[in-house]
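Thanks, everyone. Let me put the model up, and then I will walk through it.

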Amino acid sequence: MPLDILLGLQWGDEGKGKIIDVIAPQYEIVARYQGGPNAGHTVYYQNQKFVLHQIPSGVFHPHIQCVIGNGVVLNPLLLKQEVETLIAHGCNIQEKLFLSDSAHLILPTHVYLDNLEEQNRGSAAIGSTKRGIGPAYQDKIARKGLRLGDCLQNSFEKKFLQACKIHNDILKKSGHPTASEAECQAYLEAINELKKYPIIDTSAYLIAALKKNKFILAEGAQGFGLDIDHGSYPYVTSSNTSAGGACTGLGVPPGAIRKVIGISKAYATRVGNGPFPTEQNNSIGDVLRKRGQEYGATTGRPRRCGWLDLVALQRAIDINGVTEIIFTKLDVLQNLEEILVAIAYQEIPYSFTEKALSSSPQPVYIQFHSWQKNDLDDPHLSFFLQEIEKRIGIPISYVSIGPEREQILSYNYF
Ligand code: IMP
């Protein structure tokens, strides 16, 4: 059965939106499996930049159906805004969006709770996007969350207001601002609007599609380094960003997986706090940030920048069973004085799972010449790619050399 998974292998922002947009013609369905509006997937359509937060990145292709799966936490207000923006730009979303009845809801009060929790962490703050992701998943795991399918019941408004009251009471006790009645009302109106779209058992929908041999792409959000189980806990997001998360977050069988496509930048970035062994908190980092426009697509925060880390990348490839890799933003490294890539850490063995990874390891680097042309004919660029491919042991299928759809080179496509 033809299910491919596409996920980020670093700490998010690998350029997944653009890549999905480019490879989408091969698929009939693109389905988001985890995370929520903390994501910001940038796609260019008709010369305009769009940052998709909850809607799958294949949306601009007329033939693609978009599914928001059960593993996602959904903010109806933000989704309504996103849908309206797309419609205003001529994207015919009405007939192609399918929402899981089991996706948990981010309530207006979850956003306030996220702010409060982050404030309470003080100097150990995670650097959350404060979109209510953590508190919504907490309620899911505590078995008291509200799901999108609940809005189809008459009792929904009562349950929703009760849940908001419980959250607002917690906020009040801490002297924190609470969600207002007007906000709750606007939320109810937004959720009513979303009833226009099919709110269904998307797992059954996807399995039926797989049985008809329809090609499905599962779209990961954030990146493997932020996985709740395998990332640098507690500096992580609250979901399984890994390939395994696609099966639980969509309700599809592992046996359906054909390819796991990993995306990595040719260097590394991270937003928010947490360990980053190859970080360049210096003029090199500044150059990468400036050239790569490394500012958060959701929050606008400057991203921390550093060199590609093959130790972390190899771990991501192994745990996710990545079958091919796509490198993005090669153009950012063009004409640099030198390019470094970490191939080991001095501390061996190094535990990625040690709580908070308080001691940052010392990377061992190898050096590459930069290239003058973003072209596979350039000997320095082709040497860089061959060397990386040899070390990670899986094929590179494409390299991306700019934000536009056309700025992609087919490397090893088979
Ligand atoms: P949260 O998921 O908003 O609570 O954020 C937890 C951590 O994940 C923080 O370090 C965020 O900066 C990071 N994060 C969340 N979503 C994204 C994303 O889409 N790209 C990059 N980092 C993210």
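Start at the ligand: how far does a polar side-chain atom of S128 lie from an oxygen atom of the ligand? The distance is 3.0 Å. The protein covers 95% of the 470 Å² of accessible area that the ligand has on its own. Accessible areas here come from the Shrake-Rupley method with a 1.4 Å probe, and for residues only the protein chains shown count as cover.

Some ground rules. This is a predicted model, where local features need pLDDT of at least 70 and side-chain atom pairs count only at pLDDT 80 or more, while totals for chains, interfaces and linings use all residues. Residues are numbered from 1 along each chain as its sequence is written, and side-chain values use heavy atoms, with hydrogens and water left out.

Back to the ligand. N38 also has a polar side-chain atom 3.0 Å from an oxygen atom of the ligand. G127 uses its backbone: an N or O atom there lies 3.2 Å from a ligand oxygen. For polar contacts, the cut-off is a pair of N or O atoms within 3.5 Å; within protein, one must be able to donate a hydrogen and the other to accept it, and residues adjacent in sequence count only if both atoms are side-chain atoms.

There are 16 residues around the ligand, and N38, S128, T129, T237 and R301 come nearest. Being near means that a heavy atom of the residue lies within 4 Å. By class, the shell has six nonpolar, eight polar and two charged residues. Ala, Val, Leu, Ile, Met, Phe, Trp, Tyr, Cys and Pro count as nonpolar, Asp, Glu, Lys and Arg as charged, and the others, Gly among them, as polar.

10 strands form an open sheet with mixed pairing, in the order 9-7-5-2-10-1-11-14-17-18. Strand 9 (199-200) and strand 18 (408-410) stand at the edges with a single partner strand each, so one side of each has no neighbour in the sheet. Helices (H or I, at least four residues) and strands (E, at least two) are DSSP runs, numbered from the N terminus. Two strands pair if DSSP finds at least two bridges between them.

Look at strand 1. Six of its six residues are buried, so strand 1 is largely enclosed by the rest of the structure. Buried means under 20% relative accessible area, exposed over 50%, and partly exposed in between (1.4 Å probe, protein chains only). Both faces are covered, with L3, I5 and L7 on one side and D4, L6 and G8 on the other.

Strand 1 pairs with strand 11 in the parallel sense over six bridges. It is also joined to strand 10 by four bridges, again parallel. L6 shows both pairings: its bridge partner in strand 11 is I261, and E219 stands opposite L6 in strand 10. Strand 10 also runs parallel to strand 2, with four bridges. There, I29 stands opposite I216.

Next, helix 8, residues 243-250. How many of its eight residues are buried? Six are: A243, G245, A246, C247, G249 and L250. These buried residues pack against strands 1, 2, 10 and 11, and against helix 7 (202-211) and helix 10 (310-320). Contact means heavy atoms within 4.5 Å. Just after helix 8, G251 takes a positive phi of about 70 degrees.

Helix 10 holds N320, which is buried at 6% relative accessible area. A polar atom of the N320 side chain lies 2.8 Å from the backbone oxygen of A316. Beyond four places in sequence, N320 is in contact with L7, L9, F224, S242, A243 and V260.

D139, in helix 4 (residues 133-141), is buried at 10%. Leaving aside neighbours within four places in sequence, D139 is in contact with H110, K144, G145 and H167. S382, in helix 11 (residues 379-392), counts as buried at 17% relative accessibility. With that sequence exclusion, S382 is in contact with L376 and Y411.

Last, strand 12, residues 267-270. Y267 and T269 point one way, A268 and R270 the other, and all are buried. Strand 12 runs antiparallel to strand 13 (residues 304-309), joined by four bridges. R304 in strand 13 is the bridge partner of R270.
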